[in-house]
Amino acid sequence: MALVTGSSSGIGAAVARRLAADGMRIVVNSARSTAAGKALADELPHAVYVRGDVADPADARRIVAAAIEAYGRLDVLVNNAGTTRFIPLDDLDAADADAWRDIFDVNVFGVWQLTTAAVPYLRRSESAAIVNVSSVSATRALGSSIPYAVSKAALNHLTRLLATQLGPEIRVNAVAPGLIETPWYDEAEEVWANSRAWITANTPLRSVGSPQDVAEAVAYLTRAAYTTGDVLTVDGGRHVV
Ligand SMILES: NC(=O)c1ccc[n+]([C@@H]2O[C@H](COP(=O)([O-])OP(=O)(O)OC[C@H]3O[C@@H](n4cnc5c(N)ncnc54)[C@H](OP(=O)(O)O)[C@@H]3O)[C@@H](O)[C@H]2O)c1
């Protein structure tokens, strides 16, 4: 049974579909887009939708409790819900304290809250895995904003630290996507005109990524029995050029 945060759209929705295709029962979650989340849960063979904001400590506990109430167990937690603000990296004034707090509340504290609420149940599973959705901006000087990139760098280190503390019962890994075509991408295209052309020209695999590309990597990490503390890059090879 898998809980996928932020799964009403984009990468999270693709992960929910991919894990459902593996035969898993799914909890679909989002904070605002209730109709889209319910529609996806209705489409999958065994799924429920739970509205809740991962940044809110009470909601985080309630989302996990609802998953246990629905299925009586928890095997996989995918911490996918994320937020950003599109701020050019050289505009230091625009990256004010509110931007830092809003982004860290979801991308770092949200992951922490979901994870700590889920750990007691994951420990009871024979095949427990946490997969965090990070970003290549965690390790490269790029991305939608400096606070976003730093939040994902924190998430990578949180992934490694949790792996040391939660093994052997629970494996903890992350995926680091490059630019992926989701509603998020549409906003990126508005801010950085021609980003598709630039990425296509400068990436070994000559394309932007799809949500399914990331979902495949997440599904692999849910099964990779001897892998923990790792961050798997899904960016068409852009990080090596
Ligand atoms: N697209 C990319 O190029 C890209 C690249 C690298 C990493 N990522 C990462 O991939 C993840 C998914 O992004 P995406 O591109 O698929 O974006 P998306 O299509 O905008 O989906 C984001 C999902 O997260 C939900 N969400 C946002 N804030 C939430 C909160 N506080 N609590 C619960 N759910 C919340 C959204 O629903 P509501 O807004 O309705 O709550 C939505 O379901 C993020 O962690 C992002 O950082 C994306």
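These entries go from the ligand to one of the helices.

**Ground rules.** I am reading a predicted model, where local features need pLDDT of at least 70, side-chain atom pairs count only at pLDDT 80 or more, and totals for chains, interfaces and linings use all residues. Residues are numbered from 1 along each chain as its sequence is written, and side-chain values use heavy atoms, leaving out hydrogens and water.

**Around the ligand.** I looked up the shell (residues with a heavy atom within 4 Å of the ligand) and found 30 residues, with Ser9, Ala31, Ser33, Tyr148 and Thr182 the closest. By class I noted 12 nonpolar, 15 polar and 3 charged residues; Tyr and Ala count as nonpolar here, and Gly as polar.

**Polar contacts.** I searched for N or O pairs within 3.5 Å. A polar side-chain atom of Ser33 sits 2.5 Å from a ligand oxygen. For Ser8, I read 2.7 Å from such a side-chain atom to an oxygen of the ligand. The side chain of Thr182 has an N or O atom 2.7 Å from a ligand oxygen. The ligand alone exposes 880 Å², and the protein buries 91% of that (Shrake-Rupley method, 1.4 Å probe).

**Helix α5.** Helices here are DSSP runs of H or I with at least four residues. I saw that α5 (146-166) is among the elements supplying at least two residues of the shell. Its buried residues (under 20% relative accessible area, 1.4 Å probe, protein chains only) include Tyr148, Lys152 and Leu166. Ser145 caps its N-terminal end, with a side-chain oxygen 3.3 Å from the backbone nitrogen of Tyr148.

Definitions and conventions. Polar contact = N/O pair within 3.5 Å; in protein donor to acceptor, adjacent residues only side chain to side chain. Buried < 20%, exposed > 50% of the residue type's maximum accessible area, 1.4 Å probe, protein only.
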